[in-house]
Amino acid sequence: MLAALVVALAVALGGTAVGRSHEPAGQAAAAPPPPTPTPLPAKYVVLTFDDGPDPKYTPQILDILDRYDAKATFFVVGAEVKRHPELARTLHERGHSVQNHTWSHADLSTLSWAAFQREVKNTDAQIQARTGRTAGCLRPPYGARNGLVDRRAAGLGKQLVLWDIDSRDWTRPGVAAIERLVTTKVHSGSIVLFHDGGGDRRQTVAALPKVLQTLKAKGFGFRTTTCGPP
């Protein structure tokens, strides 16, 4: 299994509501206090979901994550973001990290430089349009990575993010198998690969509550990934 490469971790900020001032007329209202950062969990797992957004499975996964107060990183396919822009926007608005998984799920190790740039830059444009942010992380489809892919990614300002635990949900091995593959191998700092698109993800949806219950019972929190300049 390729070693995971996570370069920075996103901190979710707790918002504070600001209502209408009740200060007497002519008296300036006190500035609201700055939001208090939510402490990062010391013992944590990074949950990642590939190949979406998908109109059937992504909303179900989002609801489950909300139920367990878990944030995740979604490596989205640019063509799917174009088809379902509202889902990419929702991912961002609900506090998840939205990162680049190429335009068409192409094997980057087989592409010309021009095609490589199109796969990455076109996806960046879709993410930027829906979230207002540029994705700094790139997950190469199939984990297909070599020295050339590394250099090209760096040339585009991207840092590669892989995984160290594969739930193998893409093989549809059964709900219990997905649960077991994740919960028996996990350690603090693990990056777990799931999928919310690209096929039938009913087993992923069914397994996720038990996975989250077990991880939380073991004392794990959840972090998301963002990537800065290499």
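Predicted model: local features only at pLDDT ≥ 70, side-chain atom pairs only at ≥ 80, totals over all residues.
Residues are numbered from 1 along each chain as its sequence is written, and side-chain values use heavy atoms, with hydrogens and water left out.

Strands are DSSP runs of E with at least two residues, and helices are DSSP runs of H or I with at least four residues, both numbered from the N terminus. Strand 3 (residues 73-76) runs parallel to strand 4, and four bridges connect them; two strands are said to pair if DSSP finds at least two bridges between them. In a regular strand, side chains alternate between the two faces of the sheet. Strand 4 (residues 97-100) shows S97 and Q99 pointing one way and V98 and N100 the other way, and all are buried. Here, buried means under 20% relative accessible area, exposed means over 50%, and partly exposed lies in between, with a 1.4 Å probe and protein chains only.

Strand 3 also holds T73, which is buried because its relative accessibility is 0%. A polar atom of the T73 side chain lies 2.9 Å from the backbone nitrogen of T225. Leaving aside residues up to four places away in sequence, T73 touches V46, L47, T48, F49, S97, Q99, T224 and T225, where contact means heavy atoms within 4.5 Å.

Aromatic rings come next. A pair of aromatic rings is described by the distance of the centres and the angle of the planes. Rings of Phe, Tyr and Trp (its six-membered ring) pair if their centres lie within 6.5 Å; planes under 30 degrees apart count as stacked, over 60 as edge-to-face and the rest as tilted. By this rule there are three aromatic pairs. The pair of F49 and F74 is stacked, because the ring centres are 5.2 Å apart and the planes meet at 20°. This pair links distant parts of the chain, with F49 in strand 2 (residues 44-50) and F74 in strand 3, 25 residues apart. Both F49 and F74 are buried. The rings of W113 and F116 are tilted, because their planes are at 35° with the centres 5.9 Å apart. Both W113 and F116 belong to helix 4 (residues 113-131), where they are three residues apart, about one turn of the helix. W113 counts as partly exposed because its relative accessibility is 36%, whereas F116 is buried, with a relative accessible area of 0%. One aromatic cluster is formed by F49, F74 and F194.

Charges also meet rings. The charged end of K43 sits over the ring of F220, 4.5 Å from its centre, and R223 lies over the face of Y44, at 4.0 Å from the ring centre. A charge sits over a ring if NZ of Lys or CZ of Arg is within 6 Å of the ring centre and within 35 degrees of the ring normal.

Finally, a search of the whole structure finds one disulfide, meaning a pair of cysteine sulfur atoms within 2.5 Å. The disulfide joins C137 to C227, with an S to S distance of 2.0 Å. The torsion about the S-S bond of C137 and C227 is about 95°, so the disulfide is right-handed. Distant parts of the chain are linked by this pair: C137 is in strand 5 (residues 137-138) and C227 in the segment after strand 9 (221-226), 90 residues apart. C137 and C227 are both buried.

Key
Polar contact = N/O pair within 3.5 Å; in protein donor to acceptor, adjacent residues only side chain to side chain.
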